[in-house]
Amino acid sequence: MADISIRDVRKSYGKDEVIHGVNLDIQTGEFVVILGPSGCGKSTLLRMIAGLEDITSGEITIAEKVVNHLEPRERGCAMVFQNYALYPHMTVADNIGYALKVAGMPTAERIEKVKQVASSVGLTEFLDRRPGVLSGGQRQRVAMARAIIREPEVFLFDEPLSNLDAKLRVQMRHEIRRIHNRVKATSVFVTHDQHEGMTLADRMVIMNKGTIDQVGTPEEVYNAPATTYVAGFIGSPAMNFLPGRVLASHAAVVLEEGSSLPIPSQAAQTMDGKLVQIGARPEALSLCRPGSGTLTATFEFYEELGSEGLHHLKIEDVQFSVLSENKMRLDEGTQIGVTIPQEALHIFDADTGRRIEISDPIHAIETA
Ligand SMILES: Nc1ncnc2c1ncn2[C@@H]1O[C@H](COP(=O)(O)OP(=O)(O)O)[C@@H](O)[C@H]1O
Ligand SMILES: [Mg+2]
């Protein structure tokens, strides 16, 4: 069993620092997803855990042992990549069993083990084939089987599903989660796909240009994003943002176009005059008659999503969207009201982008 600890880890390529002092603790048996857009440093961080990249400074421990100077094969990690990295000239069985063969396991025992693992990922009937004749999903399963058979303490996944079509991607992520629930090895899974991250993770790590913005369960990250960056990255359609200023005299955030959004008066007092970004998720809002809601917007266009409609609006010059079962196909330019419930409000410091908690102390006591 192995936990992973990452302490003040930095990585530079030449003069360019791409990982800026990252700290992260991963528990034994946990499934952690590192999520962020392309280029934010996900693979670099994963490869440093695996030992495929040197660490410029800092310390990584696996199972309480500092691994900075250990070879990849001494770290007890198995890595699964996007491009599978299978041996094309070997059968599926030989691909899966290769590590055991190299380790000198007797043939009969190895064949038995290969059969067992192949069966667990649904590859029994393909054992004699070569990777070239398999589908993308089957190849991905071979790559998984090859990792599982080593019984590693740690699984490291670098966007293993990105080459698969949408349907197979969903199937494979269920399969990976099922395998994890059975094997319970510590797993670190890198992806740029928020849906993949949300569905797989015990905890998510949201990366932003070589730093970590937030670590939390999928729910925590969705319900209480730590920064505007996380708020905009997690959730689909994306969160709406509007600039405003806190006014204690109004107990509200007053938006540039003049509407005010009430917030608890104590919170308003401590932040009086502060410039903020208001965040509100499209699915937390509703449409109403102009003048009767929290603010008034101009209708731009409508997008049909099946069970719901996505209403694209404009408030002054800012794009804004409302996701609702109450579908309204209005003409472009029509005025429409938007209701923003207070519990749907996220408030961020306009300077730092960091979340400001506005929990209402009176309300908190009532509900406690
Ligand atoms: N071998 C390398 N040499 C120089 N720069 C690199 C190298 N590998 C990655 N980088 C840079 O480090 C940053 C992070 O890359 P990477 O970890 O691959 O991001 P991600 O996996 O999130 O897409 C990028 O700016 C990338 O260009
Ligand atoms: Mg990458």
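1. A word on terms before the ligand comes up: Ala, Val, Leu, Ile, Met, Phe, Trp, Tyr, Cys and Pro count as nonpolar, Asp, Glu, Lys and Arg as charged, and the others, Gly among them, as polar. With that in hand, the shell around ligand 1 divides into three nonpolar, six polar and one charged residue. The residues in question are Y13, V18, G36, S38, G39, C40, G41, K42, S43 and T44. If you want one element to look at here, pick helix α1 (residues 42–50), which gives the most to this shell, with three residues.

2. Keep in mind that you are looking at a predicted model. The mean pLDDT of the protein is 93, and 97% of the residues reach 70 or more.

3. Now the overall picture. The protein has 10 helices and 21 strands, and the C-alpha trace spans about 80 × 45 × 45 Å along its principal axes. Of the 368 residues, 36% count as buried. Among contacts with a separation of 6 or more, 65% are between residues 24 or more positions apart.

4. Which of its residues are buried? They are V92, A93, N95, I96, G97 and L100. The cover over these buried residues includes α3 (107–120) and α4. Just after α2 comes G104, with a positive phi of about 85 degrees.

5. Next, an open sheet. Five strands make it up, in the order β15-β19-β16-β17-β18, and the pairing is antiparallel. At the edges sit β15 (286–288) and β18 (318–324), each of which pairs on one side only. On average, neighbouring strands of this sheet are turned by 50 degrees against each other, direction ignored. Within the sheet, strand β16 (residues 295–304) and strand β19 (residues 335–339) pair in the antiparallel sense over four bridges. To find that pairing on screen, look for T296, which stands opposite G337 in β19.

6. The hairpin of β20 and β21 has five residues between the strands, and in it G353 takes a positive phi near 80 degrees.

7. E151 has a phi of about 45 degrees and is found in the loop between α4 (136–148) and β7 (154–158). Is E151 buried or exposed? It is exposed, because 12 other C-beta atoms lie within 10 Å, and a residue counts as exposed at 12 or fewer. A251 has a phi of about 50 degrees and lies in the loop between β11 and β12 (252–255). With 16 other C-beta atoms within 10 Å, A251 is partly exposed.

8. How far is the C-alpha atom of H250 from that of S265? The two are separated by 8.3 Å, and the residues are 15 apart along the chain.

9. Last, a cis peptide bond. Which residues does it join? The bond is between S236 and P237, with omega about 0 degrees. P237 is found in the loop between α8 (228–233) and β11 (240–247).

Methods:
Residues numbered from 1 in each chain as written. Chains lettered and ligands numbered in written order. Predicted model: local features only at pLDDT ≥ 70, side-chain atom pairs only at ≥ 80, totals over all residues. Helix = DSSP H or I, 4+ residues; strand = E, 2+ residues; numbered from the N terminus. Buried ≥ 20, exposed ≤ 12 C-beta atoms within 10 Å, placed from the backbone. Near = placed C-beta within 6 Å. Pairing = 2+ DSSP bridges. Axes fitted to C-alpha atoms, helices over the stretch in contact; angles between N-to-C directions. pLDDT = per-residue confidence, 0-100. Contact = placed C-beta atoms within 7 Å.
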